Amino acid sequence: MIAGIRRVGAVALATGILLAGVPAAAHAGVGGPVSTQGLGPASGIVSATQEQCDASTRVTQTPLALAQLQSDAAWALTRGAGVTVAVVDSGVAKNPHLDDNVVPGVNLVPDGTDANGRTDTYGHGTVIAGQIAAQVISGSGVQGLAPEAKILPIRVYAGDEKSQIDAGIGPNTARMAEGIRVAADRGAQVINVSMSTTEKNGALADAVAYAKSRGSLVIASAGNRDSTAAVEQSDADGVRYPAGFSGAFGVSATNLESAVTSDSIRGTHVRLSAPGQAIASAWPLGGDCVVSKEQPATSYAAAYVAGAAALVAAAHPDETPAQWAYRLEATAVRPQPDDRSNITGWGFVQPYDAIVLVPGSGLRGPNSPFPGASPTASPTGTPAPVAVVVGPGPDAAAISTMTGIGVAGLVALGAIGALAVYVSRRREETAPRRPTPTGRGLYGPDSAE
C-alpha cells in the first residue's frame with residue numbers, strides 16, 4: 001500500500017469532479033526531494049525538517065491555523081467529544097495521531113482493499129482526518145481542531161491515475177453521493193466532502209438532502225482555480241457541488257496572510273473561509289507532513305470548518321445542523337456584518353465565538369433559523385478580503401455584553417435578577433480569553449465602542 005502512494009494533483013473526470021486540494025505523496029524508501037512540478041491545486045509536500053515525509057517525520061510546530069481558529073479558547077469549552085465527523089474521501093490510513101479516534105468505516109471502492117475504509121494509497125483523506133481530529137503524540141506538534149471527535153472514514157475513490165479512472169475506482173459523482181448517504185446512515189453529525197464537481201447532479205443533490213433530513217451538516221470545498229492536472233480544465237468561477245446544494249456548506253481557502261486569494265473558486269456556494277495553506281497534518285505513511293505549501297487549497301479549508309462544526313455540535317447537541325451553520329456564519333470575521341461575499345462567504349470561521357453566541361434579535365448577518373429571530377438585512381455587495389488579526393477584537397465587548405444580556409434576560413423577572421447579573425460578570429472575568437480577530441463588527445460598527 002505504501003509503495004502505491006503517488007504524487008497527485010487535482011483530478012477531474014468527464015463529469016467535472018475535482019479534488020479540492022490534494023497532496024503530492026512521498027515514496028517510501030526513495031531518496032531525494034519530492035518534485036512539485038506539474039501539480040494541481042495543492043503544491044508538493046515537504047515536512048518541516050526534510051523533503052520527504054515518512055513514518056518517522058515529525059512536524060514539531062503547532063499548526064498556525066489552530067491559533068487563527070481560537071482553538072485554546074474553544075477547547076476550554078469542548079474538544080468535540082460525542083461528535084462523529086465522516087470523511088468522504090480516499091480513506092484514512094493508520095497513523096498514531098488517529099488510531100484512538102477513528103471508528104470502523106466503509107469502503108465503497110471495489111478494489112479489494114479492507115472494508116472499513118482504512119486504506120489510503122492516495123494520501124488526501126488521511127490529511128483531512130488529521131486536520132479535524134489528530135491527537136497529540138510524542139515529538140509532534142500536529143493536532144486537529146476537534147481532537148476528541150470521532151472520524152468515520154468513507155472511502156469513495158482510490159486515486160487519480162488513468163488506470164484507476166478507467167477501472168472505475170477514481171472519483172465519480174455516484175460514489176460521492178453514496179458516500180454522503182452512508183455517512184448519514186452511520187450517524188455522522190458532520191460530513192466532510194473535500195471534493196467538488198461542476199455538475200448539478202440530481203443524485204448528489206438528493207444525497208445532501210437526505211443527510212440534512214438525518215441531522216447531518218455537509219461541509220464541502222468551494223473548488224480550486226488551478227485544474228491543470230485535471231481531465232476537465234475549468235478555472236471559471238461559478239457554483240460547485242455538493243457545496244451549492246441546500247444543506248451543504250461551501251468553504252474557500254485563505255493563504256498565510258489570512259486572505260482568500262484567486263486560487264479559490266468564487267460563487268454563491270461559498271459560505272465561509274478557513275486556512276488552506278501550509279497545512280500540518282497526519283500522513284498515511286505513519287508520520288506527519290506539511291501539504292499545500294505554495295498556495296491555499298479549499299479541501300483543507302473545508303476540513304477545518306468541519307472541525308469547527310464538530311466543536312459547535314458538541315457544545316450544542318440539541319440544536320439542528322442549520323443552527324450550527326448559522327452560529328458559524330453569524331460569528332465569522334468580515335468587514336461589515338450584513339455583507340456576504342462570493343469570495344469569502346460570511347467570513348473567516350471562528351469556532352469559540354460560534355459556541356458562545358447567544359442567538360436572538362439584533363444580530364446582523366445571515367438569516368437566523370432560531371425561533372423568534374427577527375429578519376436581517378439582505379446581503380449587499382462583495383466586501384474586500386478579510387485580514388485576520390489574532391488578539392482581542394474591537395467587538396469583544398459587544399459579544400460579552402450581548403452574552404451577559406442573554407443570561408440576565410432569563411432571570412430578569414425573578415427576585416434574584418441582580419445577583420444573576422453579578423454572577424454572570426464574575427464568570428466572564430474568569431472565562432478563558434479568546435483570541436478574537438478584528439474586523440467583524442457583528443452588532444454594527446458603533447456597538448463595540
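Helix α7 passes helix α8 in a right-handed crossing, a crossing being right-handed if the near helix is turned clockwise from the far one by less than a right angle, and left-handed if anticlockwise. The structure is a predicted model, in which local features need pLDDT of at least 70 and side-chain atom pairs count only at pLDDT 80 or more, whereas totals for chains, interfaces and linings use all residues. Residues are numbered from 1 along each chain as its sequence is written, and side-chain values use heavy atoms, with hydrogens and water left out.

Two packed helices are described by the angle between their axes and the distance between the axes. For α7 (residues 298–315) and α8 (residues 321–330), the angle is about 120° and the axes are 10 Å apart; this makes α7 oblique to α8. Here axes are lines fitted to C-alpha atoms, for helices over the stretch in contact, and angles run from 0 to 180 degrees between N-to-C directions; angles under 35 degrees count as roughly parallel, over 145 as roughly antiparallel, 65 to 115 as roughly perpendicular and the rest as oblique. The contact (heavy atoms within 4.5 Å) is made by A308, A309, V312 and A313 of α7 together with W324, R327 and L328 of α8. By class, the contact of α7 with α8 comprises six nonpolar residues, no polar residues and one charged residue, where Ala, Val, Leu, Ile, Met, Phe, Trp, Tyr, Cys and Pro count as nonpolar, Asp, Glu, Lys and Arg as charged, and the others, Gly among them, as polar.

Helix α8 is mostly covered, nine of its 10 residues being buried, with buried meaning under 20% relative accessible area, exposed over 50% and partly exposed in between (1.4 Å probe, protein chains only). Among the buried residues of α8 are P321, Q323, Y326 and E329, and the buried residues of this helix pack against β7, β8 (248–254), β9 (270–275), α7 and α9. Over the protein chain, buried residues make up 59% of the 449 residues. The chain has 11 helices and 11 strands, which are DSSP runs numbered from the N terminus (helices H or I, at least four residues; strands E, at least two). Of the contacts in the protein chain with a separation of 6 or more, 77% are accounted for by residues 24 or more positions apart.

Side chains of opposite charge can pair when their charged atoms come close. A search of the whole structure finds nine salt bridges, each defined as a side-chain nitrogen of Lys or Arg within 4 Å of a carboxyl oxygen of Asp or Glu. One of them joins R118 to D99, with the closest N and O atoms 3.8 Å apart; R118 lies in the loop between β3 (106–107) and α3 (124–133) and D99 in the loop between β2 (84–89) and β3, so the pair ties together parts that are 19 residues apart in sequence. R118 is buried at a relative accessible area of 18%, whereas D99 is partly exposed at 42%.

A salt bridge is also formed by the side chains of R214 and D185, at 3.6 Å from N to O. Because R214 lies in the loop between α6 (202–213) and β7 (217–221) and D185 in helix α5 (residues 173–185), this pair ties together parts that are 29 residues apart in sequence. R214 is partly exposed, at 46% relative accessibility, and D185 is partly exposed at 43%. In the pair R364 and D338, the N to O distance is 2.8 Å; R364 lies in the loop between α9 (351–356) and α10 (396–410) and D338 in the loop between α8 and α9, so parts that are 26 residues apart in sequence are tied together. R364 is partly exposed at 28% relative accessibility, while D338 is buried at 14%.

S90, in the loop between β2 and β3, is buried at 0% relative accessibility, and its C-alpha atom is separated by 6.2 Å from that of H124, 34 residues apart along the chain. Not counting residues up to four places away in sequence, S90 touches T119, D120, Y122, G123, H124, G125, R155 and Y157. T113, in the loop between β3 and α3, is partly exposed at 29% and, with the same exclusion of residues up to four places away in sequence, touches N107, T119 and R155. H269, in the loop between β8 and β9, is buried with a relative accessible area of 2%; leaving aside neighbours within four places in sequence, the contacts of H269 include A222, G238, R240 and R340.
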